[in-house]
Amino acid sequence: MAKIIVVTSGKGGVGKTTTSAAIGTGLALAGNKTVIIDFDVGLRNLDLIMGCERRVVYDFVNVINNEANLNQTLIKDKRVENLFVMPASQTRDKDALTMEGVEKVLEELSETFEFIICDSPAGIEKGAQMALYFADEAIVVTNPEVSSVRDSDRILGILQSKSKRAEQGGEAVKEHLLLTRYNPARVEEGEMLSVSDVEDILAIPLLGVIPESEAVLKASNQGEPVIHNQDTDAGKAYSDAVKRLLGEEVAFRFLNAPKKGILKRLIGA
Amino acid sequence: MNNNDFQLKGSVITTFILEFSDYHATEFEQFLTSKVQSAPDFFSHSPVIINLEKLDLNMIRVDYLELISICRRHGLQPVAFKQSPNLDSSDVETTGLAILNQRTCGKNQRPGAASEKPAPARTAQIITKPVRSGQQVYAEGRDLIITGSVSGGAEVLADGNIHIYGTLRGRALAGVSGNLDARIFCSSNEAELVSIGGHFLLSDSLETQTWKHPAQFYLQDETLHVSPL
C-alpha cells in the first residue's frame, strides 16, 4: 500500500509545486517508487518544474474519463529511477475531477507505488478538497507571513473535518509543517515571523525550514527540482526534510543569519 | 400484604392560596361573603392554603381557629398554613393543619421536584484540538472548555462560560442566549472580538494591559470588563 501525501497550503504562491517536486524527487532518490500527481487542473505547473512539459500526452482527467490508462499517462523522470509524474489537464477545470475517479486512480497507483504525492491547487474549494481527501499525511507549506499562516490554519481545519480519515473517524491525517522562503536575517529584523511564531500558531510538528534562495527560482525555470542542487541551502534543506519524512532525526539548519564579516559591515552590505 | 395496595406518589394539585397582608376577622368575613356570592359553585369545597408570609405576626394577632372556621362557613376547606420558616409555628400547629414553609414549598424549589431525582448537571463541552481559522464551535446550553488555542478567524460560542487554556486569537462569545453572568477566561489574550450576552469589545480596545497575558472577561453594569488573571 502506498502512502498518500498531500502538499497543500490554502494560499497560492507559497511553494507547493516546488515542494512537491523536491520532496517527490527526494523520496525517489532514497529508493522509493514515487509518483507526483498534479491536482491543479487548468493551471498545470508541475510538468514545468519537473522539466517534462514536452512529454505530456495524456493527463489525469483522461485517466479519470477512461480515455487513457495509467501507463500511457505517467511520465517517467529522466534523472531519477522510480520517479513518475501524472500531469494535470490544462484545457479543463476542477469540475473535471470526480471523487470516484480520483479514488479509482489512487487505488490503482497504490498497487505499484510506495509514495503518492498530491500537489494541491491553492484555495479551499473542490480542487484542494479532492487533493487532500484521500491523504494519509499532509505537508502544509507555509511562508513566514501572517496571511499564509492563517490560510494554512484554515486548511488544517479542513484536513481535520473534510478528509476521508476525518469523515470515517479513523486515525487523523498526520500533519507536517514546512516553512518555505525563510529569511533569518529578516526574522532578526522583525520583518518576518520566526519559526517559533509559526509553530506557536499552527501547533503541528515541523518537517523542515527551506531558506529563501535564488536557487529555487533558477531551478524552477530550468525544470530541475532544487533538491538536485546539493550545493545550495534550499537543496540541502529539502534533503533534510525528506529524511525526517522517512523517520530519521535530523537537526535543523539555516535558522540563523550568517554572521557578517568585518568588510561587509564596513561597507554596510 | 400486596405491595400495590399502598403507593406513595408525588403530585401537583392546583389550589387557592389566601394571602394576607393584614387581618381583621370582620373584614375578612365580608370579603369572603362577596367572593363566594359572585361564584358559589366555584369555591364550594375548594381546598385552600392560607399564606401568612406577608403578615407581620409580631404586630398582628391572628386567631387561627377563628380564621379556619370563617373559611369553612363559606365552603372553603383550609388544608395548610404557609409561613416564614424562621417564625415560631407552635400556635399554628395547634390547629391541626399542615404547615408549609420555604423548606418544603418555597420559591427556590422547582415545581414537582419532590418527586423527581435532581437532573444531572450538564457537563461542559470539551475540545482538545486547536480550533482552526474558519471553524466554529458552539456549546449549546452549557460551558465550553478548549485545551488548545483558538486561531485568528475561528469563532467559539457558548450559552455558558468559555475557558481557553491556549491562546485566544479569534472570536469568543459567551452567554449567547442572554446569560449576562457568563465569563470568558483565556491563558493569553490576543482576541479579535470578545462578547458576553451581546456586549462586545474589539481587539482595538482589548490591546491594553492584559494583551498577550492571561485574562478574564465579564459584564458589570452593562459594560464588558477585562481583568488580568
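The dialogue below takes up a helix, a sheet and some ring contacts in turn.

Student: How many residues of helix H6 of chain A are buried?

Tutor: Please keep in mind that this is a predicted model. An α-helix has 3.6 residues a turn, so residues three or four places apart point the same way. Helix H6 (residues 126-133) of chain A is mostly covered, with 6 of its 8 residues buried. These are A:Gly127, A:Ala128, A:Met130, A:Ala131, A:Leu132 and A:Tyr133.

Student: Against which elements do the buried residues of H6(A) pack?

Tutor: Their partners in chain A are strands S1 (3-8) and S5 (115-119), together with helices H5 (99-112), H7 (146-162) and H8 (164-167).

Student: Do strands S9 and S11 of chain B run parallel or antiparallel?

Tutor: In a regular strand the side chains alternate between the two faces of the sheet. Strands S9 (residues 162-168) and S11 (residues 184-189) of chain B run parallel and are joined by 5 bridges; B:Ile162 has B:Ile184 as its bridge partner in S11(B). S11(B) is also joined by 3 bridges to strand S14 (residues 215-220) of chain B, and these two run antiparallel. In S14(B), B:Gln216 stands opposite B:Phe185.

Student: Why is the pair of B:Phe20 and B:Tyr23 edge-to-face?

Tutor: Over all chains, a search of the whole structure finds 7 aromatic pairs. The ring planes of B:Phe20 and B:Tyr23 lie at 70°, with centres 5.7 Å apart, so this pair counts as edge-to-face.

Student: Which charged end sits over the ring of A:Phe252?

Tutor: That of A:Arg244, 3.8 Å from the ring centre. Likewise, the charged end of A:Lys33 sits over the ring of A:Phe113, 4.8 Å from its centre.

How values were computed:
Residues are numbered from 1 along each chain as its sequence is written. Chains are lettered from A and ligands numbered from 1 in the order in which they are written. This is a predicted model: local features need pLDDT of at least 70, side-chain atom pairs count only at pLDDT 80 or more; totals for chains, interfaces and linings use all residues. Side-chain values use heavy atoms; hydrogens and water are left out. Buried means under 20% relative accessible area, exposed over 50%, partly exposed in between (1.4 Å probe, protein chains only). Helices (H or I, at least four residues) and strands (E, at least two) are DSSP runs, numbered from the N terminus. Contact means heavy atoms within 4.5 Å. Two strands pair if DSSP finds at least two bridges between them. Rings of Phe, Tyr and Trp (its six-membered ring) pair if their centres lie within 6.5 Å; planes under 30 degrees apart count as stacked, over 60 as edge-to-face and the rest as tilted. A charge sits over a ring if NZ of Lys or CZ of Arg is within 6 Å of the ring centre and within 35 degrees of the ring normal.
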